[in-house]
Amino acid sequence: MAAASSSASSTERGSAGCKRERRRAWTRAEEEMPDDEEQAVAGAPCGACRTLRRMCVPGCVFVPYFTADDFAAVHGVFGASNVSKMLERIELPEQRRVAAATLVEEAKARQRDPTFGHVSYIRVLQEVNDKAREQVDARAGGDR
């Protein structure tokens, strides 16, 4: 019995050591990260792939559109699979860029206000607009 418990503890230590080595390698890779397009060519993960902890392939759909922080927000709200499907369906790169920026803004708004996202800002702006119209109407009515 003593032999079984000692082999189990050495196995646990071995897997923990492996995890530590992977973390160290990952940290070194993050410190040496090049920018955007060079990332996929060099084999280093882009911000999105770093967040997902996977290897970045040369045709990675996320490379030109997301930083690590932006992708973390988008991934948390929409999910990486859904985001990649959305971006792959858009043919023109400029439209993909606009779609990615829109996803980032909506994800960040959802993080600030999980229930309404941008809708709460739209409502506030509508109220401000309504008040401004009332003021304009009141001044225009007083001048007649």
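Helices (H or I, at least four residues) are DSSP runs, numbered from the N terminus. This is a predicted model: local features need pLDDT of at least 70, side-chain atom pairs count only at pLDDT 80 or more, and totals for chains, interfaces and linings use all residues. Residues are numbered from 1 along each chain as its sequence is written, and side-chain values use heavy atoms, without hydrogens and water.

**Salt bridges**
- The structure holds three salt bridges (a side-chain nitrogen of Lys or Arg within 4 Å of a carboxyl oxygen of Asp or Glu).
- R110 pairs with E106, with the closest N and O atoms 3.0 Å apart.
- Both R110 and E106 lie in helix α6, four residues apart, about one turn of the helix.
- K108 bridges to D70 at 2.9 Å between the closest N and O atoms. This pair links distant parts of the chain: K108 is in α6 and D70 in α4, 38 residues apart.
- R123 and E127 meet at 3.5 Å, N to O. Both sit in helix α7 (residues 118–143).

**Burial** (buried is under 20% relative accessible area, exposed over 50%, partly exposed in between; 1.4 Å probe, protein chains only)
- E106 is buried at 19%, whereas R110 is partly exposed at 30%.
- D70 is buried at 17%, and K108 is partly exposed at 30%.

- R96 is buried but has no salt bridge. The nearest side chain of opposite charge, E88, is 6.8 Å away.
- A polar atom of the R96 side chain lies 2.7 Å from the backbone oxygen of L87.

Key:
Lys, Arg positive; Asp, Glu negative; His and termini not counted. Polar contact = N/O pair within 3.5 Å; in protein donor to acceptor, adjacent residues only side chain to side chain. Helix = DSSP H or I, 4+ residues; strand = E, 2+ residues; numbered from the N terminus.
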